[in-house]
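Visitor: Hello! Could you walk me through this structure, one question at a time?

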Amino acid sequence: MALKHFILASVAAFAAVYSASAQNNEALTFISIDRSPRVAAMAGAGSASTSSIAYSAFTNSAVLPFYGGSMEAGVAYQMWAPKGVKSSNINFGTGLKISDRFGLSVGGVYQKGEPYMTYHADGSAGKEFTPNDMLVNLGLGFLLVDNLSAGVNVRYASSTLDANTKLSTVCGDVFFLYKVLPELNVTAGVSSLGMPVKASDGTKFPIPASASLGASYKAALAPDHSVEAVLDADYFFSGHYTAALGAEYAFKDMVFVRAGYHYGNAGAALPSFLSFGAGVKFAGFSLDLAYLTLNDVIGNTLSIGLGYAF
């Protein structure tokens, strides 16, 4: 218990020190987009859930030691914000539980924006250019003591805005997960800590780093029915904050229905929205869908993913 209190206090102290130098204008905000269709269907909540590890390199690799299987992998396509600044991305993730105490995770994203025409200084048309973003993630999770694990993710993020402008950085996450009960998990950590990115004119912009808390509770309602409730909250060092509440109903661990609500205050990397989703799983293979709505900027966002686990 003393170890757990020391770890959580250390995370809080580091978050307070880091926030002192933060600004309100963030770059590379695509880091905050949920890549897992399962998590997206629950409005981005689920950092404490040990039911899935395929996309843990994007969020919390401390879940790896408590995963019930050995491996989970997924690939997904996402049509992001078709009513706003439209983009599309394809992403993949894999989590591997090597032993009862240790696991690895990897993930990656390639995202394309809408193409636009460039123009020369004299006003004549140049070439068409398509902005793009990229993420490459590597995660490690390990058991510290019974019921307490730690996870570390490191990622390279880059955004190419035009032929002469590319922003990039290396950032990472540090999380601890405590299994309070067999059904109840809590997690705390810091997300996307990294150096600010620098524009061509020398201006520096922070990335969307945050202090994060999460909880999950999974209950069996009957032999064939179960429900998992998840809750996440983030305080961004730019002064913004978000919170997400989601739930998943499962029938025979084969058919899933999900929903959630995400709140983001004005200026947050992800605004407020409502989400719905569903999934099916058979013989280790899975198909998952997520849909975001009730937001003028990212409404109608759709994610679809395929997965395999054993």
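Visitor: What share of the 310 residues of the chain counts as buried?
Guide: First, a word on the source: this is a predicted model, where local features need pLDDT of at least 70, side-chain atom pairs count only at pLDDT 80 or more, and totals for chains, interfaces and linings use all residues. Residues are numbered from 1 along each chain as its sequence is written, and side-chain values use heavy atoms, with hydrogens and water left out. Buried means under 20% relative accessible area, exposed means over 50%, and partly exposed lies in between (1.4 Å probe, protein chains only). Of the chain's 310 residues, the buried share is 49%.

Visitor: How many helices and strands does the chain have?
Guide: Helices (H or I, at least four residues) and strands (E, at least two) are DSSP runs, numbered from the N terminus. Counted that way, the chain has 2 helices and 18 strands.

Visitor: Why can the chain be called as compact as a globular protein of its length?
Guide: The radius of gyration is taken over C-alpha atoms, and the globule rule is 2.2 Å times the number of residues to the power 0.38. For 310 residues the rule gives 19 Å, and the chain is as compact as a globular protein of that length because its own radius of gyration is close to that, at 19 Å.

Visitor: What percentage of contacts between residues at least 6 apart in sequence join residues at least 24 apart?
Guide: Contact means heavy atoms within 4.5 Å. Among contacts in the chain between residues at least 6 apart, those joining residues at least 24 apart make up 52%.

Visitor: Which residue forms a salt bridge with Arg38?
Guide: Side chains of opposite charge can pair when their charged atoms come close. A salt bridge here is a side-chain nitrogen of Lys or Arg within 4 Å of a carboxyl oxygen of Asp or Glu, and the structure holds 6 of them. For Arg38, the closest N and O atoms of the pair are 3.1 Å apart, and the partner is Glu228.

Visitor: How far apart in sequence are the parts that Arg38 and Glu228 tie together?
Guide: Both of these residues are buried. Arg38 lies in helix H2 (residues 37–41) and Glu228 in strand S13 (residues 225–236), so the parts they tie together are apart in sequence by 190 residues.

Visitor: Where do Arg258 and Glu248 lie?
Guide: Arg258 and Glu248 form a salt bridge, with 2.6 Å between the closest N and O atoms. Arg258 is buried, and so is Glu248. The two are 10 residues apart, with Arg258 in strand S15 (residues 255–264) and Glu248 in strand S14 (residues 241–251).

Visitor: Which strand holds Lys281, the partner of Asp253?
Guide: The side chains of Asp253 and Lys281 meet in a salt bridge at 3.2 Å, N to O. Asp253 is partly exposed at 44% relative accessible area, and Lys281 is partly exposed at 29%. Asp253 lies in the loop between S14 and S15, so the pair ties together parts 28 residues apart in sequence, with Lys281 in strand S16 (residues 273–282).

Visitor: Is Leu28 buried or exposed?
Guide: Leu28 sits in the loop between helix H1 (2–19) and H2. Its phi is near 55 degrees, a positive value in a residue other than glycine. With a relative accessible area of 6%, Leu28 is buried.

Visitor: What is phi of Asn147 near?
Guide: Asn147 lies in the loop between strand S6 (132–145) and strand S7 (148–162). Asn147 is partly exposed, with a relative accessible area of 35%. Its phi is a positive value in a residue other than glycine, near 75 degrees.
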